[in-house]
Amino acid sequence: MSAPTDLAARWPLAGDEVVRDELLAAYADPGRGYHDTRHLAEVLDRLDELTGAGASFDRVAVVLAAWFHDGVYDGRPGAEERSAAWAETALAGHEPELVAEVARLVRLTESHRPAADDANGCALSDADLAILAATPTRYAEYLVDVRREYAHVPDEDFRAGRAAVLSDLLAKPELFHTAHAREHWEPTARANVEAELSRLA
């Protein structure tokens, strides 16, 4: 797990440290479960892995979107939209094209269904969902952390909602969209999700 101090060095915009620190504080909120600084670090790690494997995407836009994609996360509807709005406000002094792309990518993480030719969207979606391909130990930790994040939801409702989310993901022809992720993450991710669905049932 990367500490917030390690994460600070991975912020892609010089001169915007105030925004960076506000985001780090949001991810470090003790009320969070899974969507914390560890998740942010893992998403950035997976983006590095995709780059190393030859995936081509706009790194500044995608890394910024990774920082903002769970900037708001309170277990309630509309978090992606609120995170995108935060990005639009916080980055308002930058090139409009960059700001618009970051906000678009953040909104895309609500569905994780980028178009096949959307290189930026494919990279971010895959990095965000890479937890599904985690080792058994890490996947078990992930499940505990997600449940803690939705502690306000009764067990029966949580199981139904979680099963719906997982079933929707499995309905995709492929969970992942980049060649590297399809080859290296897809089989484990599908096995993990199918096993979790069986337990929920």
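Reader: What do the buried residues of α6 pack against?

Author: They pack against α4 (59-68), α5 (79-90) and α7 (119-129), with contact meaning heavy atoms within 4.5 Å. By the way, this is a predicted model, where local features need pLDDT of at least 70, side-chain atom pairs count only at pLDDT 80 or more, and totals for chains, interfaces and linings use all residues. Residues are numbered from 1 along each chain as its sequence is written, and side-chain values use heavy atoms, leaving out hydrogens and water.

Reader: Why is Phe68 called buried?

Author: Buried means under 20% relative accessible area, exposed means over 50%, and partly exposed is in between (1.4 Å probe, protein chains only). Phe68 has a relative accessible area of 0%, so Phe68 is buried.

Reader: What makes the pair of Phe68 and Trp86 edge-to-face?

Author: Rings of Phe, Tyr and Trp (its six-membered ring) pair if their centres lie within 6.5 Å; planes under 30 degrees apart are stacked, over 60 edge-to-face, and the rest tilted. By this rule there are seven aromatic pairs. Here the centres are 6.1 Å apart and the planes sit at 85°, so Phe68 and Trp86 make an edge-to-face pair.

Reader: Which parts does that pair tie together?

Author: Phe68 lies in helix α4 and Trp86 in helix α5, so the pair links parts that are 18 residues apart in sequence. Helices here are DSSP runs (H or I, at least four residues), numbered from the N terminus. Both residues also belong to one aromatic cluster with Trp11 and Trp67.

Terms used. Helices (H or I, at least four residues) and strands (E, at least two) are DSSP runs, numbered from the N terminus.
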